[in-house]
Structures are given as C-alpha cells and as structure tokens.
Amino acid sequence: RSGNGDSRGALVVLEGLDRCGKSTQSGRLLTYLKGLGHSTELWRFPDRTTSVGQMISSYLSSQSQLDDHTVHLLFSANRWEKRSLMERKLKSGTTLIVDRYSYSGVAFSSAKGLDIDWCKAPEIGLLAPDMVVYLNIPPEKAAERGGYGDERYEKLEFQRKVSHSYQVLHDASWKMIDACQPIEDIEKQLQEMVSDCVRICQKGKPLSFLWS
Ligand code: FDM
Ligand code: MG
C-alpha cells in the first residue's frame with residue numbers, strides 16, 4: 001500500500017500545549033497505521049539531532065541564552081533542513097506523523113510578544129499539513145499532569161499565553177480533540193480522522209505549501 005509511485009503519504013501534524021498527550025498519541029497512531037500496512041514514520045520538531053536542533057535544545061534547557069527572534073528563526077531553520085527529506089518521503093508513499101510543526105513555532109514565539117505575521121513569514125514554502133489535529137487541554141489541567149519538566153517554556157503562566165496564541169492561529173480546518181478524555185477515546189477519534197486523511201492523499205490530493 002505504499003511506495004507504488006502514484007499514491008503519496010499524508011502529512012499529519014499534532015499540536016497542543018506541553019503535556020497535552022501529543023507524544024503518547026503520536027506513538028499510538030504510528031502503531032495503528034503501521035498495523036494497517038501503511039508505510040509510516042513519526043517525526044518531531046524540534047528535531048534535536050541536527051546541529052541547529054542542538055542549539056535549540058541547549059536554549060530550551062537554559063544552557064544558552066538567545067534573542068527571541070534568533071531562536072524563532074532557528075526553529076524555522078530546523079524545519080527547513082528537513083523539508084526536502086519530508087517531500088521525498090511523502091512522494092514515495094510514506095505517511096508522516098509530526099509532533100509539532102510551524103504552528104508551534106508561531107504560537108510559542110508570538111506568546112512572547114513577537115508579531116504574528118513576522119513569525120509566520122519564515123515558514124512560507126514549507127509543506128502544508130494535510131491535517132492538523134489540536135489536542136485541546138486547559139493550561140491548568142496540563143500543569144496537573146505529573147508536572148512539567150524544567151524546560152524553559154514549561155510554566156503555567158507562559159502556557160496560558162501559548163494557549164491564547166493557538167486560539168488566534170487555528171482555522172476551521174483544524175480537527176479539535178478534547179485532550180481531557182481517556183487516552184483510548186482520544187486514540188479512537190484520532191484513528192478515524194487520520195484514516196480518512198490517508199485515503200484522500202492516496203487518491204492523489206496534491207501537496208500544498210504554507211500558509212494555505
Ligand atoms: N517550540 C517548538 C517552539 O517554541 N517553536 C517551535 O517551532 C517548536 C517546534 O519547543 F515548549 C517549543 C515547544 C516546546 C519546546 O518542544 C520543546 P517539545 O515538543 O517539548 O520537545
Ligand atoms: Mg516539552
């Protein structure tokens with residue numbers, strides 16, 4: 001069901017606050033799609049394995065300080081450095097589940113007070129997701145979940161601002177899931193949404209570009 005040249009993979013993005021369950025759900029979704037015989041990979045941004053990703057990682061763990069604009073552009077560069085591989089994978093029939101993408105870039109940086117259009121500009125021309133799923137959780141509920149780690153953005157006050165930014169940023173095409181539901185219920189809803197999306201992409205839906 002993959003790699004046969006004329007059916008492409010789907011680009012599925014999961015977004016949400018820290019501790020909303022994105023990583024758990026993307027892992028389960030990977031298992032599900034692979035089980036159906038679809039060639040599927042799980043990606044995440046930031047991709048901390050590249051040299052740009054290491055700069056981001058050291059910033060997030062407060063081992064380095066960077067100007068807000070600078071780190072915004074590093075997050076964007078981290079997506080650009082994976083863009084051609086992403087396109088190749090999709091065109092060869094592999095579905096990509098992506099844990100955070102350009103929307104995190106804009107939501108987190110604009111939560112710091114950066115202009116939203118300035119934040120969106122460096123993302124222009126990246127591949128547009130075929131589906132964005134937002135795992136919706138009140139910031140207070142997320143903070144209760146086994147607590148945050150000690151990374152730079154994992155503070156209730158800041159997550160409230162990020163939540164507001166996501167509300168400004170999202171559009172009618174986003175699939176919203178109530179992330180306070182039991183894990184298995186979320187998993188089921190996600191499976192249905194993504195199955196439809198994968199089918200439509202297989203049938204030849206063209207790739208598109210941000211911001212569309
Ligand atoms: N983050 C993530 C950004 O600020 N901009 C971005 O472009 C991306 C992809 O980095 F707080 C933030 C979101 C989060 C932090 O992400 C690290 P993970 O998913 O917790 O590794
Ligand atoms: Mg985190």
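Leu-85 counts as exposed because it has 11 C-beta neighbours inside 10 Å. Leu-85 sits in helix α4, residues 83-91. Its C-alpha atom is separated by 23 Å from that of Val-71, 14 residues apart along the chain.

This is a predicted model: local features need pLDDT of at least 70, side-chain atom pairs count only at pLDDT 80 or more, and totals for chains, interfaces and linings use all residues. Residues are numbered from 1 along each chain as its sequence is written, while chains are lettered from A and ligands numbered from 1 in the order in which they are written.

The protein has 9 helices and 5 strands. These are DSSP runs: H or I of at least four residues for helices, E of at least two for strands, numbered from the N terminus. The order along the sequence is β-α-β-α-α-α-β-α-α-β-α-α-β-α.

| Property of the protein | Value |
|---|---|
| C-alpha span along principal axes | about 45 × 35 × 30 Å |
| Buried share of the 212 residues | 37% |
| Share of contacts between residues at least 6 apart in sequence that join residues at least 24 apart | 80% |

A contact requires C-beta atoms, placed from the backbone, within 7 Å.

Which residues surround ligand 1? They are Asp-18, Phe-45, Pro-46, Leu-60, Phe-75, Arg-100, Ser-104, Gly-105, Phe-108 and Tyr-153. Each has its C-beta atom, placed from the backbone, within 6 Å of the ligand. Helix α5, residues 102-111, gives the largest share of this shell, 3 residues.

Notes. A residue is buried if 20 or more other C-beta atoms lie within 10 Å of its own, exposed if 12 or fewer, and partly exposed in between; C-beta atoms are placed from the backbone. Two residues are in contact if their C-beta atoms, placed from the backbone, lie within 7 Å.
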